[in-house]
Amino acid sequence: MATVNPQPSVTPPSAANAEVGDSSIPAPVTARWQQAEAQLFAPLVLQPEVYQRAVLLLGGVLDRLRALGDAPASLVAAATDVADLVAHVAADRGIAIGGIDTAQLGMAACAMRQREIGAVQVLMSRRSRIMTAREAGASWTVIEESGDPRGDPFAPYTRLEVDVATGRALLVTARPDENFRGCEHAVRVMRVDLDTGELAESDEAAENDVADTSDERESRVRRLRG
């Protein structure tokens with residue numbers, strides 16, 4: 001087992017960016033799914049009986065999609081015949097499909113399942129990066145990062161780093177101010193479950209504060225690492 005360094009060291013994102021699984025689903029496909037989800041129930045609001053059947057059918061299709069596992073490729077493959085899948089589920093569960101757009105409902109189910117798979121992959125990625133950092137002997141590691149660390153009002157910055165021995169985590173952000181002319185920099189103490197990768201609130205709420213600049217923010221990060 002690797003020995004944790006006595007002084008806080010941080011594995012840079014480039015050393016902790018091994019992707020877990022294939023999370024790529026073409027953007028146009030995702031857009032179609034999301035559009036179908038957004039439009040599915042609006043026409044059914046005034047048809048409560050059809051609405052209820054659509055809800056039951058959607059749940060059944062989601063169960064089928066979940067049974068395929070967490071690989072995005074399996075979801076994409078299932079989506080090619082998703083209207084048939086909806087029809088099979090309806091037949092198995094005795095749900096009438098009259099008044100329901102089966103293709104639209106199937107794509108809506110795919111959108112919902114894609115979000116579930118994405119959440120699973122985030123947790124897998126966090127655990128993988130924590131394990132990699134431990135093996136490298138680092139005490140802190142960055143497990144998520146996006147945006148410009150200097151701050152950009154139109155491209156928010158987020159970084160999540162964690163103590164791989166304790167799960168104590170720092171959520172580092174730069175968000176636009178109310179006028180979109182500058183950024184508010186902040187450091188928030190959180191906690192990552194080292195077994196599951198789940199992120200939770202910490203009791204150290206008093207340490208959550210806002211900085212005026214990215215340099216000041218990073219100074220607070222170094223202090224909070226201890």
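**Exercise 1.** Which residues of the largest nonpolar core touch the most other members?

*Solution.* The model is predicted, so local features need pLDDT of at least 70 and side-chain atom pairs count only at pLDDT 80 or more, while totals for chains, interfaces and linings use all residues. Residues are numbered from 1 along each chain as its sequence is written, and side-chain values use heavy atoms, leaving out hydrogens and water.

Step 1. A nonpolar core is a set of buried Ala, Val, Leu, Ile, Met, Phe, Trp, Tyr and Cys residues joined through side-chain atoms within 4.5 Å; buried means under 20% relative accessible area, exposed over 50%, and partly exposed in between (1.4 Å probe, protein chains only).

Step 2. The largest such core holds 29 residues, and the ones touching the most other members are Trp33, Leu57, Val61, Leu65, Leu75, Leu105 and Cys110.

Step 3. At least two residues of this core come from each of α1 (27-39), α2 (48-66), α3, α4 (82-93) and α5; α2 gives the most, with 7 residues. Helices here are DSSP runs (H or I, at least four residues), as are strands (E, at least two), numbered from the N terminus.

Step 4. Apart from this core lies another, of 12 residues, including Ala133, Ile143, Ala169 and Met190.

**Exercise 2.** Determine how helices α3 and α5 are oriented, and identify the residues in their contact.

*Solution.* Step 1. Helix α3 (residues 72-79) and helix α5 (residues 102-136) have axes 10 Å apart, at an angle of about 175°. Axes are lines fitted to C-alpha atoms, for helices over the stretch in contact, and angles run from 0 to 180 degrees between N-to-C directions.

Step 2. The two helices are therefore roughly antiparallel, a term for angles over 145 degrees.

Step 3. In the contact (heavy atoms within 4.5 Å), α3 contributes Pro72, Leu75 and Ala79, and α5 contributes Cys110, Arg113, Gln114, Ile117 and Gln121.

Step 4. Leaving out residues up to four places away in sequence, Cys110 touches Trp33, Leu65, Leu75, Ala79 and Val82.

**Exercise 3.** Describe the surroundings of Arg127.

*Solution.* Step 1. Arg127 lies in helix α5 and is partly exposed, with a relative accessible area of 31%.

Step 2. Neighbours within four places in sequence aside, Arg127 is in contact with Leu194, Asp195, Thr196 and Gly197.

Step 3. The C-alpha atoms of Arg127 and Val164 are separated by 9.8 Å, although these residues are 37 residues apart along the chain.

Conventions
Angles under 35 degrees count as roughly parallel, over 145 as roughly antiparallel, 65 to 115 as roughly perpendicular and the rest as oblique.
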